[in-house]
Amino acid sequence: MDKLIFGRYYPGDSFVHRLDPRLKLIVNILFIVVIFFLKNWYDYLILGSVVLLGVIFSGVSIRFFLKGLRPMLWLILFTVILQLFFTSGETVYWQWGWLVISREGLINATYIALRFLLIIFMSTLLTLTTQPLAIADGLEYLIRPLKAIKLPVNDVALMLSIALRFVPKLMDETTKIMNAQRARGVDFNNGSLFKRVKALIPLLIPLMMSSLDIATDLTTAMISRGYRDGEGRSRFRILKWRQRDSWTLLGFVIVSIAVMI
Amino acid sequence: MKLTPIIEVRDVTYRYPYAEQPALDQISLQMMPNQWIAIVGHNGSGKSTLAKTFNGLIEPQSGEIYFDGQLLTEETVWDVRGQLGIVFQNPDNQFVGATVADDVAFGMENNGIPRDEMLVRVEAALRQVRMWDYRHQEPARLSGGQKQRVALAGVLAQRPKVIILDEATSMLDPQGRSEIIDLMSQLRAAGDFTIISITHDVDEAALADQIFLIDDGHLIMQGAPDEFFAKSDELHDHGLIEPLSEQIRGKLVASGINLSNKYLDENQLVDELWTLHLNM
């Protein structure tokens, strides 16, 4: 329950786990860009092998990746069906009104499905092998250039890490309030949609109140421990870019260039 | 040579926004360094408000605060916050870091202490509160008492002159509570700092060198535990009950048993009782 935001971290000590979160983020972003430049089956095969390699080196069972796929299944299916029936082409296999299944449509639909599949596998690889906090640290590093446009990067990073830290606490709080309201006769699980939405009000308002209380307490504690703003702070947690990160990046860039030309 | 009080409060008045009564009303007091000081009073007496004025979390409408002889102002307040650490009541709502070690480092990060120094101090502080083995844990996996020990480590890592426990044990189970109190006794024996514990638990207050009783924003009385608890009438008037040993002593004296006329802790009371008719 408490790993809600960034998916499900799978503890481990594999090669992929030990890669720098910045590297994993960069590779993910590059990957999404590269995947739209693919032209033929061989390119998909190569990128597919890259992903497969990552999965193998992560030491995480493929089952967890398939689980990551499940919430996206309907979106994939919907897009694939659209592509399949609404792409006109020269070789038509089947037609009924505006619905056409053509050779081009079939190929496009398969490509789209493959793109989805690969992107989801790649991002699941990131979330399964990287702790949420490390992802937040990596993000902070990558958005540093935005300081130039006056974005308070350090504050944003602290906010992110505090938000992550309080997810389980707010979950607890929600359960507590739900139980308290159930004891007073609120029914969260039955009735019409309208009734159920209405039942959420006695949940949301106390939850909001208690969040504000927590925020006030936390602010007091932070100020009393000398927090002013993000500037002039030193860092306890640091990221270490190692040789294996450079090599992995180099390898990925070479593969990317190879498939794009 | 006259000692400089570590904290001196002069004529401080503070009224919360929209409140009719001031929470602190022309209060003045002095606290001496390297003592264990307890501030007692019932809920709403103003004792926590008082503590919040010490490091500028609350800015009084009138009056002055001196920290180690230095007047608390907008310029000095950050310096004071580095030297005065507070452990608050709610273990969850003061845990800033994502892990135990991160949380201990938070205060040092704010003061720009270099990372190498932080690593050393985090380890030392966590070992002091016996939480080093938990350094990679997330707060959700810790008990209330463990979280308070981490909060205490965060304060210790800043090397403060004053540690304030603002009802820090009131949300803990008896075991967590005694862990914190034991820890404070050990710390006091080991280091040189002033401990201020704000509490309505008289047994906790009885461990102090000096006790201040606050009510309605006034200082009612102050003294060492033996004189302080002997004034049971005043205590009752302000919503407090003396410790169990003092209640027993009072009842024994009332029924004509000749005991010494001052507060005795449990051991002293037992000793006095069993030696009462000893003719040696």
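Modeller: Two strands pair if DSSP finds at least two bridges between them; strands (E, at least two residues) and helices (H or I, at least four residues) are DSSP runs, numbered from the N terminus. This is a predicted model, in which local features need pLDDT of at least 70 and side-chain atom pairs count only at pLDDT 80 or more, while totals for chains, interfaces and linings use all residues. Residues are numbered from 1 along each chain as its sequence is written, chains are lettered from A and ligands numbered from 1 in the order in which they are written, and side-chain values use heavy atoms, leaving out hydrogens and water.

Biologist: Which strands of chain B stand at the edges of the open sheet of four strands?

Modeller: The order in that sheet is 2-1-4-5, with antiparallel pairing.

Biologist: Which residue in strand 4 of chain B is the bridge partner of Val9(B)?

Modeller: Strands of a sheet pair through backbone hydrogen bonds, either parallel or antiparallel. Strand 1 (residues 7–14) and strand 4 (residues 62–67) of chain B run antiparallel and are joined by five bridges. In strand 4 of chain B, the partner of Val9(B) is Ile65(B).

Biologist: How many residues of strand 3 of chain B are buried?

Modeller: Buried means under 20% relative accessible area and exposed over 50%, with partly exposed in between (1.4 Å probe, protein chains only). Trp36(B), Ala38(B) and Val40(B) are buried on one side of strand 3 of chain B, and Ile37(B) and Ile39(B) on the other. The strand (residues 36–40) is largely enclosed by the rest of the structure, because the buried residues number five of five.

Biologist: Within what arc do the buried residues of helix 6 of chain B fall?

Modeller: Pro174(B), Gln175(B) and Ala189(B) are exposed on the other side of helix 6 of chain B. Its buried residues include Ile180(B), Met184(B) and Leu187(B). They line one face of helix 6 of chain B, because seen down the axis they fall within an arc of 160 degrees.

Biologist: Which three residues supply 23% of the area that chain B buries against chain A?

Modeller: Buried area is the accessible area (1.4 Å probe) that two parts lose on being put together, summed over both. Between chain B and chain A it is about 2,900 Å², 53% of it from carbon and sulfur atoms. The 23% share of chain B, more than any other three residues give, comes from Trp78(B), Asn93(B) and Asn110(B).

Biologist: How far apart are the closest N and O atoms of Arg165(A) and Asp92(B)?

Modeller: A salt bridge needs a side-chain nitrogen of Lys or Arg within 4 Å of a carboxyl oxygen of Asp or Glu. The rule finds five across the interface of chain B and chain A. In the salt bridge of Arg165(A) with Asp92(B), the distance is 3.9 Å.

Notes
The arc is that of the directions from the helix axis to the C-beta atoms.
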